[in-house]
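Open the model in your viewer and keep the selection panel at hand. The tour starts at the ligand and then moves out to the chain.

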Amino acid sequence: MEQRDVRGHYEELAAEYDEHWVYGPDHIPWMSARIAETLRLTSTDRIADIGSGTGLFAREVAAALRPEHPILCVDPSAAMLEQLGSPPPPGLTPLVASAEDIAEDRVDLPYEQLDAMWLKESVHHLPDPARTLRGLADRLAPGGRLLVVMLPATIQYPLFEAALTRFEELQPDPNDIVGHLRAAGLDAGLGHGEHELRIDKDKYLGMVRARYMSLLSTYTDSEIEKGIEEMRAAHPEPVLVFPDRFAFVLAERRGGKA
Ligand SMILES: C[S@@+](CC[C@H](N)C(=O)[O-])C[C@H]1O[C@@H](n2cnc3c(N)ncnc32)[C@H](O)[C@@H]1O
């Protein structure tokens, strides 16, 4: 997808985004806890969520962590950030900017360096991930951590076949992300986490119709309807149960406190 199309996709989806992502009561607390523990967040860290969208996860992290410095919620889509509310919740500061703006030092941050940052399901939108991740790595303080949370190269979602194939064509490989972060001078490694999703089939079909994944925006309305028919035929059960598996790429800048 072109950057312009990505922007348009999220501007349209913004108002409904949280509804689509609140798969069930457990998903956001589960993921937010994984982010906080993998990054070893402390309340004194200077933190950014890059490609934060509506701040679903940053909000939960901030509520648990009570950070001394507000978590920066960085996203190029003003419409997504507006969903944070006005004023934003305690412990969060929205910033309309792209990962590239931060990486290339085109925006002033309230913090000279960052102790921790995460990109959750935003890395696939970066046109030049090697360059942008290197720039982001340069914003880390000694001992700083950068976490990329992304879907793996293949997924077991109950989507129609063509969408699963297109996903595999478009999705970056987490191992390549590890390589980019190592090339940027960080220690980096790959882990995985899995969460079982149970979702009412009609709700899920509605999410597909609303193109809840940006990859679904590459299909016309009639292609989506055909895909939905295929999904209905493949899944007669009323509740869809499937693993939501994520790759967690953790990278660290050497030189922090032991
Ligand atoms: C799938 S959403 C994920 C949002 C949030 N991290 C979450 O998990 O709910 C992808 C987000 O990446 C943002 N995005 C797109 N291009 C970006 C870029 N170049 N830099 C940073 N964020 C970007 C979009 O605006 C969107 O909010």
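Select the ligand, then α1 (3–21) and α5 (99–103). Each of these helices gives at least two residues to the shell around the ligand. Helices here are DSSP runs of H or I with at least four residues, strands are E runs of at least two, and numbering starts at the N terminus.

Before going on, note the ground rules. This is a predicted model, in which local features need pLDDT of at least 70 and side-chain atom pairs count only at pLDDT 80 or more, while totals for chains, interfaces and linings use all residues. Residues are numbered from 1 along each chain as its sequence is written, and side-chain values use heavy atoms, with hydrogens and water left out.

**Stop 1: the shell**

Which helix supplies the largest share of the shell? It is α1, with four residues. Now show the whole shell of 20 residues; Gly51, Asp75, Ala99, Glu100 and Lys120 come nearest to the ligand. A residue counts as near if one of its heavy atoms lies within 4 Å. Colour the shell by type: eight residues are nonpolar, eight polar and four charged. Nonpolar covers Ala, Val, Leu, Ile, Met, Phe, Trp, Tyr, Cys and Pro; charged covers Asp, Glu, Lys and Arg; the others, Gly among them, are polar.

**Stop 2**

- Asp75: a polar side-chain atom lies 2.7 Å from a ligand oxygen.
- Ala99: a backbone N or O atom lies 2.9 Å from a ligand nitrogen.
- Glu100: a side-chain N or O atom is 2.9 Å from a ligand nitrogen.

Alone, the ligand exposes 590 Å², and the protein buries 97% of that. These areas use the Shrake-Rupley method with a 1.4 Å probe.

**Stop 3**

Select Ser86 and Pro87. A cis peptide bond joins them, with omega about 0°. Pro87 sits in the loop between α4 (78–82) and β3 (92–96). Next, pick Arg66, in the loop between α3 (56–65) and β2 (71–75). Arg66 is not a glycine, yet its phi is positive, about 50°. Most residues other than glycine have a negative phi, and most peptide bonds are trans.

**Stop 3: the whole chain**

Zoom out. The chain has ten helices and seven strands. Its C-alpha trace spans about 55 × 40 × 35 Å along the principal axes.

Conventions:
Polar contact = N/O pair within 3.5 Å; in protein donor to acceptor, adjacent residues only side chain to side chain.
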